[in-house]
2 protein chains.
Amino acid sequence: MWFMRQAGRYMAEYRELRQRVTFLDLCNDADLACEATCQPIDAFGVDAAIVFSDILPVVQAIGREVRFDKGAGPRILEPVRNADDAKTLVRPDVADVLPVAPETIRRFIKARPGVPILGFAGAPFTLFCYLVEGAGSKDWVHAKRMIFEQPELARSILNLLADVVGDYLQAQIDAGAVAVQIFDTWAGTLSYDDYREFALPAVQRALARCSGAPRLYFAKDVSPFLDLLPQTGADAFGVDWRADIAQVRASLGADVPVQGNLDPIALFAPPDELRRRVRAIIQAAGPRGHIFNLGHGVIPSTPIEGVRAMVDEVKAWRW
Amino acid sequence: MWFMRQAGRYMAEYRELRQRVTFLDLCNDADLACEATCQPIDAFGVDAAIVFSDILPVVQAIGREVRFDKGAGPRILEPVRNADDAKTLVRPDVADVLPVAPETIRRFIKARPGVPILGFAGAPFTLFCYLVEGAGSKDWVHAKRMIFEQPELARSILNLLADVVGDYLQAQIDAGAVAVQIFDTWAGTLSYDDYREFALPAVQRALARCSGAPRLYFAKDVSPFLDLLPQTGADAFGVDWRADIAQVRASLGADVPVQGNLDPIALFAPPDELRRRVRAIIQAAGPRGHIFNLGHGVIPSTPIEGVRAMVDEVKAWRW
């Protein structure tokens, strides 16, 4: 077991770290990122660490400045809306421009020898959403308009993102990550056909560029696309908290490992109820090929006791 | 065909109406509501009207004041968080406290004779979310905490809401609605088990109280719960834009009517691409038992030409 947003604002240690530096500084400094990576390992004793980073360094790497202003979400200063904008994007050498996550992984391995560490990246479509929209959105009108109006341009940008994401994941594997995960937070805003035509081929392309460790794919709101997931080429799949994990396993096949899927808000439940829910998921997922996780990230107001009870209950389980 | 948020801010006629009166005034005045109901009928010639109203009058009817402050979402001044709060809720006579939607339906039938009109209500769980949380939310921590901590209290509030919703739909049928729809906007925030234990029984209970016209059930993010839908007792199901409508029909069975499911953002697409997408949905849904609709509501910035092209393309279709 590990869990999404393992280090985050629900932890006092993390809030203390964030009082010293900005989020961007934290992502850009392997020493600080290693410290954040260690925090949930030391606090909860989960089975694996996930490297502390963000998904947007890849957008910076292809030539767009990203701002994280206090209290607001990320902002891309010059969003890409047309072919002229896209011409200013660059195909970088990942070793040059994205050194921090691999370096954080190397430092973590020295700092906590024996603890497995996961690498990760945002999915090409999710990065495309930010790059085109310029900021988070409920409706992603600009990102979808590019798909509707300029599908070939959209595909070329997705291909660029996929290549960088693939190389970035490979660099994290080479640095010692025991597995890597692609986060496709916004794939679930697409219709089935658009997912198949745009988001899916980009994940395929990214994953085809990396090997040497299991590659996990997590998409939020993934239930409509379950039958397409095997085509991603991923080795295992994370599912959000809505889906019945037994149904997902039946659909994907017993040989396909699955990760998930406690409702992150269940961490607010009374301890007995929370522990009952943890056991129900373990039981429904079955004894083989299940990585326990949340169905999405921990929200900042989450009580630390809930996180601790979840981890304890998973670690106490015996088949 | 009709479409969700048929009257709304994307229409100049509606914006003009809203400059004269507040949203609440509009919902509380059958003459004005009838005017808003007529607008998309006159502008687009859709096959059916849906009564202009909101889902929150039911929350007011059980004893909670609702505010719609400019620029903000709805706010319930005294949210219900515990048993003492719940004691102050009332079981109203629907004919006394919710007269506007039925009266709007009667006036519409006189104003546009021969045009079928649909009634609607929010689903009990969706209303429960607002009642307990006190406002819209991304995570619905308070609403979910009540389910986790006080499941019997949650059930009793859901039962009260279900009874009022059922009677309210019946009153709309009695007023002349040719069909009624339950909107379960927030059911998709629940895990499969919580949906089955809380949202589903409340929909069953509401629908069991009304008859005499087809009853439709729309839930956003409904894909994880597809196999549970028949248990609602509804006569037809609306699906959001993510799901492949052919898969949904195969899952529910060819005899079950389905409504949907164009991505509302596709209304921003170039006309040819939009029309292609409309045809693809009609084709995938098949010749019988399909009500064309959007997969969610029209957003305010939607171009009116897109709405018109969608309606024209549906109406021009011949099998």
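The model is a predicted one, in which local features need pLDDT of at least 70 and side-chain atom pairs count only at pLDDT 80 or more, while totals for chains, interfaces and linings use all residues. Residues are numbered from 1 along each chain as its sequence is written, and chains are lettered from A and ligands numbered from 1 in the order in which they are written.

In general, two copies of a chain are related by a rotation about an axis and a shift along it. Here, chain A can be laid on chain B with an RMSD of 0.0 Å by a turn of 180° and a shift of 0.0 Å along the axis, the superposition being by least squares on the C-alpha atoms of residues with pLDDT of at least 70 in both copies. That is the relation of a two-fold axis. In chain A, the C-alpha nearest this axis belongs to Ser223(A), at 2.9 Å from it.

Where the chains touch, 24 residues of chain A are in contact with 24 residues of chain B, two residues being in contact if their C-beta atoms, placed from the backbone, lie within 7 Å. On the side of chain A that touches chain B, helix H9 (residues 141–149) of chain A gives the most, with five residues. The residues of that side divide into 12 nonpolar, three polar and nine charged, where Ala, Val, Leu, Ile, Met, Phe, Trp, Tyr, Cys and Pro count as nonpolar, Asp, Glu, Lys and Arg as charged, and the others, Gly among them, as polar.

Within chain A, seven strands form an open sheet in the order E1-E4-E5-E6-E7-E8-E9, and the pairing is parallel. Its edge strands, each pairing on one side only, are E1 (49–50) and E9 of chain A. Strands (E, at least two residues) and helices (H or I, at least four) are DSSP runs numbered from the N terminus, and two strands pair if DSSP finds at least two bridges between them.

| Strand pair | Bridges | Residues opposite each other |
|---|---|---|
| E4(A) and E5(A) | five | Phe120(A) and Gln181(A) |
| E8(A) and E9(A) | five | Gly260(A) and Phe292(A) |
| E5(B) and E6(B) | five | Gln181(B) and Leu216(B) |

Four of the five residues of strand E9 (residues 290–294) of chain A are buried, so this strand is largely enclosed by the rest of the structure; a residue is buried if 20 or more other C-beta atoms lie within 10 Å of its own, exposed if 12 or fewer, and partly exposed in between. By contrast, Asp272(A), found in helix H13 (residues 271–285) of chain A, counts as exposed, with 9 C-beta neighbours inside 10 Å.

The largest nonpolar core has 222 residues, and those with the most contacts inside it are Val58(A), Leu161(A), Val58(B) and Leu161(B). Such a core is a set of buried Ala, Val, Leu, Ile, Met, Phe, Trp, Tyr and Cys residues joined through C-beta atoms within 7 Å. Helix H10 (residues 151–175) of chain B gives the most to this core, with 13 residues. Leaving aside neighbours within four places in sequence, Val58(A) is in contact with residues including Ala121(A), Leu127(A), Leu161(A) and Tyr168(A).
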